[in-house]
Amino acid sequence: MHKTRLIARLDVKNEFVIKGIHLEGLRKVGDPIELAKKYYLDGIDEIVFMDAVASLYERNNLFHIIEKACKEVFIPITIGGGIRSVSDIDKALRSGADKIALNTQAIKNPEIIKEASRIYGSQCIIGSIEAKKTGTGWQAYVDNGREHTGVDAVDWAKKLEDLGAGEILITSVDKEGTKKGFDVELVKKITGAVSIPVIASGGAGSLNDIRELIVTCDPGGVAIASLIHYNLFSVSEIKKELINHNLMVRP
Amino acid sequence: MIKKKIAIIDYGIGNVKSILNALDNFNAETILTNKPEDILNADGVILPGVGAFKTGMENLIAHDLIPVIKQYVKTGKPFLGICLGMQLLLDESEEFGNTKGLGLIKGKVKKLVIDETTNERLPHVSWNEIKEPEKNRWQNSILENVQQFSDVYFVHSFAAAPSTEADILATCNYGNKDFCAAVKKENVFGVQFHPEKSGKTGLAILKKFIDLIK
């Protein structure tokens, strides 16, 4: 059995971790490095830093934050948002990131996944999908959930795997920030469609939401934000609860 | 106290920033280098690396580092390979056809085998527990201060299969199969996981590596 990774997702705008609903209406919750350190010391397994406004400005502004964070945080760090080229990826890795999450640029130019995974290895390339429910399925969105692409999210996940992505980060834009639970159906579809690890993001509002997701979809990782940003639970409380329910996580 | 000089081999592969940052916590002076004199003069040497075995070997060859590494290892000073850096210690790898390795540990690098009934995925991206193959094998090694079944962070699809059982320092179970998670042969150590990404446990391993320097 693998241990489900509990991953803190820190969406960052202008030097602050922010939190919105459906990736919109952003509210400041704190300093990214301080929060990363706090979650690390409390036992989080991984940290994802997302530049929430990068696609709009067409660049990622988090490199200096990653550089500082990895001096004190000794767990895997992912950077995402506004990464547009192999030279951006190189810069991100040099600033200390272990993995790169690609969404908008991968849709525009799928070859970047192929090229980047060939150069740096699949293990450091995460295909990030922001999905919204449509009549029949889910569609992939870009620019932080703002722009639709006409691409089916499940097909896109398979394509990302074929291109060489090492993991899939699936964010439900509908559930994101709502604290109303994950889009379990979406996550189940994605985990069923690919054979690489899947990280589920968007909607965690209670311990039960996390338990239900692990039991029904068995994802590689579960991303959480509101739960810990708003101090509803601490990382160690969440882990304790999962262990009490015989779910496999790192103690 | 005189700081111990640790050379981290720079051969254009992988994220080494975290290794440098982790070592900064301890009594070490770090240098990221591919110069033979820096490597030979170091008190301890780390070979990092992620990605493909073939690219790793090609880059070592391109920087003319193989004879330097072999010469350093003969001095008896501690050497640590991390992730791909561990796999490169073996004789060869079956990733993308057979590629010759450094041959410092006898055996092959093979694709992880998963028991199909487990539904586990590859790559193995997970925190997972390491186990001592027999009592006291961790004594005087980089794992001496680590508790049995401690969790460390893995991200890989291939793993070393040393042909000499005594060279296996730790094992890990994934997909209902054991694989080799760490090796030791005299002064040569290798870990498949990332100590620099494994929180407190990982830091204790790196600290012990520095403490092994005489």
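In this predicted model, select β6, β5, β7 and β10 of chain B: in that order, they form an open sheet of four strands with mixed pairing. Look next at the two ends of this sheet. β6 (99–100) and β10 (158–162) of chain B stand at the edges with a single partner strand each, so each has one side without a neighbour in the sheet.

Now keep β5 (residues 90–93) and β7 (residues 105–111) of chain B on screen. These strands run parallel and are joined by three bridges. To see one pairing, show E92(B) together with K108(B), its bridge partner in β7(B).

Move to β1 (residues 4–9) of chain B. Is this strand largely enclosed or open? Five of its six residues are buried, so the rest of the structure largely encloses β1(B).

- β2 (residues 28–33) of chain B pairs with β1(B) in the parallel sense over six bridges. Here, K4(B) has A28(B) as its bridge partner.
- β3 (residues 44–47) of chain B also pairs with β1(B) in the parallel sense, over three bridges. Here, I8(B) stands opposite I46(B).

Then select α1(B) with β1(B) and β2(B). The three make a right-handed β-α-β unit.

Next, display both chains and go to the contact between them. Chain B gives 23 residues and chain A gives 24. On the side of chain B that touches chain A, the elements giving two or more residues are α1 (17–23), β8 (124–129), β9 (151–156) and α6 (199–211). Colour this side of chain B by class, and nine residues come out nonpolar, eight polar and six charged.

Turn to chain A alone. Eleven helices and twelve strands make up its list of elements. Its C-alpha trace spans about 45 × 40 × 35 Å along the principal axes. Why does chain A agree with a compact globule? For 251 residues such a globule would have a radius of gyration near 18 Å, and chain A has 16 Å, which agrees. Of these 251 residues, 58% count as buried. Among contacts in chain A between residues at least 6 apart in sequence, 64% join residues at least 24 apart.

Finally, select I47(A), F49(A), I100(A) and I168(A). Within the largest nonpolar core, which has 158 residues, these touch the most other members. Centre the view on F49(A). Beyond its neighbours within four places in sequence, F49(A) is in contact with L10(A), V12(A), P32(A), L62(A), I65(A), I66(A), I77(A) and I79(A).

Key:
Residues are numbered from 1 along each chain as its sequence is written. Chains are lettered from A and ligands numbered from 1 in the order in which they are written. This is a predicted model: local features need pLDDT of at least 70, side-chain atom pairs count only at pLDDT 80 or more; totals for chains, interfaces and linings use all residues. Two residues are in contact if their C-beta atoms, placed from the backbone, lie within 7 Å. Ala, Val, Leu, Ile, Met, Phe, Trp, Tyr, Cys and Pro count as nonpolar, Asp, Glu, Lys and Arg as charged, and the others, Gly among them, as polar. A nonpolar core is a set of buried Ala, Val, Leu, Ile, Met, Phe, Trp, Tyr and Cys residues joined through C-beta atoms within 7 Å. A residue is buried if 20 or more other C-beta atoms lie within 10 Å of its own, exposed if 12 or fewer, and partly exposed in between; C-beta atoms are placed from the backbone. Two strands pair if DSSP finds at least two bridges between them. A crossover is right-handed if, with the strands pointing away from the viewer, the path from the first strand over the helix to the second runs clockwise. The radius of gyration is taken over C-alpha atoms; the globule rule is 2.2 Å times the number of residues to the power 0.38.
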